[in-house]
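Me: I've got a structure open and want to talk it through piece by piece. Can you take a few questions on it?

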Amino acid sequence: MEYREEADTLGTVQVPASALWGAQTERSRHNFTTGPLMPLPVIRALLQIKLAAATANRDLGEIQEEKAQLIIRATTDLLALSDDELQRDFPLHVYQTGSGTQTNMNVNEVIAHQTIKYDPTSGVLPNDDVNHGQSSNDTFPTAMAITARVAVRELEGAVQHLIDELAVKEAAYENVVKIGRTHLQDATPLTFGQEVSGWVSMLEHDWDFLKSLDDSLLELPIGGTAVGTGLNAAPGFDTAVATQLSKAYDQPFTAKSNKFFGLAAHSGINVVHGGLKTLASDLLKIANDVRFLASGPRAGYNELNIPANEPGSSIMPGKVNPTQAEALTMAATRVMGNDVTITVAASQGNFEMNVYKPVIIETFLESADLLTGTVTGFADKLIHGMTVNADRMAELVYNSLMTVTALSPYIGYHASAEIAQAAEREGTTLREAAVKSGQVTAEQFDQWVNPLAMTNRDRSTD
């Protein structure tokens, strides 16, 4: 491989001749080799910040028009690249300095070297020009807020899609009676539509929680520079950058924030990820309900039929597994673990700086991406094609002992319990045991024990 020499304040470094990065990126590339690469949404957000900064600094008379135009052109061209193309010049890992300084410099160096393609004598410098009026300490958390906001909005769309798919099933099966279960034991009947309505409401609440929290990601600490004082940033720079970022992402970002808070704490990301954890908890419950109700087909509950998306076993022919539910539940457990990581990392704001920034944003984006993808798959590849086994549901209701609850208002709790216990002990139906007890006639039993009426489906659940 051919190399060129690049210099920084520590001396000279050999950099691959074809690379757009410079000395600081090259040092980091060798000093930190563990873990995932910095997420590309963070890189793209930093590029957008540099684009906005160059425009603001030009308009404020902070850098020359020629240099500003070169930086704008370079960042615009880099942003137009595909992810695969862009990744080539951003090789740094998440586990680096806790401020994200090396990644910020990676972006600065790549932009500066990109300008040389347009003008070999451009003279654009990574620190003095591309990073003008900025610090890694304010650009990186600004990128964190931007990417977190975009990611959670995408997740909200996926959750709404799942809600819509479940609402279709709720309406389709509003009158299909099935047995209820509490404590994993038989309970009184409900309709499958009612059961699904509970899942829908859970997700609607989760969606509302996220919507009520996600505005906390709109505050950008840009303009705070090193410690929050704004040293070396021109007056009005922060507002100008935030205005352009708002247009670029179609989000109402604001620079009207406490910069000291923005550098030292990541409370917004922490609290929003708590909403992701809550969503994950509910998704885990829903996915488990679906896969258990679909268990069988002959040795399980067998109340639901789920799509056969792929063979379920390498040894058992014809087996179908609830793979979309399993993917969703695995993602949910990861998100729960990620919440611990973010909670601890967010607590490490020592004095003016939190130095766990890269792991906070990488973990947040992983959670959001995992949930967005698995929720969409669960909605499209399982819930959409899911049907009920109405005969099996009716069979379980017919054989249930808990429909005896409908007799309690007429013959009392104690007598009703004796009928249920007798039916269980003698292996008969509840109807047979009730009539045999002499407490209830066949006609009364048929009138009082009406599973559909027991569901109270005609009552409002609002």
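Me: Which residues of H8 are buried?
Reply: This is a predicted model, and buried here means under 20% relative accessible area. An α-helix has 3.6 residues a turn, so residues three or four places apart point the same way. In H8 the buried set is Phe192, Gly193, Glu195, Val196, Ser197, Trp199, Val200, Met202, Leu203, Asp206 and Leu210.

Me: How far does H8 reach from its first C-alpha to its last?
Reply: Helix H8 runs over residues 192-213, which gives it 22 residues. At 1.5 Å a residue you'd expect 32 Å, and the model comes out close to that. The reach is 32 Å.

Me: What does Leu203 touch, leaving out residues up to four places away in sequence?
Reply: Leu203 sits in H8 and is buried there. Leu203 is also listed among the residues with the most contacts inside the largest nonpolar core. Its partners are Val159, Leu162, Ile163, Leu166, Leu279, Leu283 and Ile286.

Me: How far apart are the farthest two C-alpha atoms of the annotated active site?
Reply: The "active site" annotation comes from an unreviewed UniProt entry and covers His183 and Ser313. They span 131 residues in sequence and do not all gather at one spot, because the farthest two C-alpha atoms are separated by 30.9 Å.

Me: Is His183 buried or exposed?
Reply: His183 lies in the loop between strand S3 (177-182) and strand S4 (185-191). Its relative accessible area is 76%, and the cut-off is over 50%, so His183 is exposed.

Me: Which backbone nitrogen does the side chain of Ser313 reach?
Reply: Ser313 is in the loop between strand S5 (304-305) and helix H12 (323-346). The side chain makes its approach at 3.0 Å, and the nitrogen belongs to Ile315.

Me: Last one: which residues make up the covered face of S1?
Reply: S1 forms a hairpin with S2, with two residues between them, and the two pair in the antiparallel sense over six bridges. In a regular strand the side chains alternate between the two faces of the sheet. Tyr3, Glu5 and Ala7 are on the uncovered face, while the covered one has Arg4, Glu6 and Asp8.

Methods: Residues are numbered from 1 along each chain as its sequence is written. This is a predicted model: local features need pLDDT of at least 70, side-chain atom pairs count only at pLDDT 80 or more; totals for chains, interfaces and linings use all residues. Side-chain values use heavy atoms; hydrogens and water are left out. UniProt positions are given in the numbering used here, feature names are shortened, and annotations may be inferred rather than shown by experiment. Helices (H or I, at least four residues) and strands (E, at least two) are DSSP runs, numbered from the N terminus. Buried means under 20% relative accessible area, exposed over 50%, partly exposed in between (1.4 Å probe, protein chains only). A polar contact is a pair of N or O atoms within 3.5 Å; within protein, one must be able to donate a hydrogen and the other to accept it, and residues adjacent in sequence count only if both atoms are side-chain atoms. A nonpolar core is a set of buried Ala, Val, Leu, Ile, Met, Phe, Trp, Tyr and Cys residues joined through side-chain atoms within 4.5 Å. Contact means heavy atoms within 4.5 Å. Two strands pair if DSSP finds at least two bridges between them. The expected span of a helix is 1.5 Å times one less than its number of residues.
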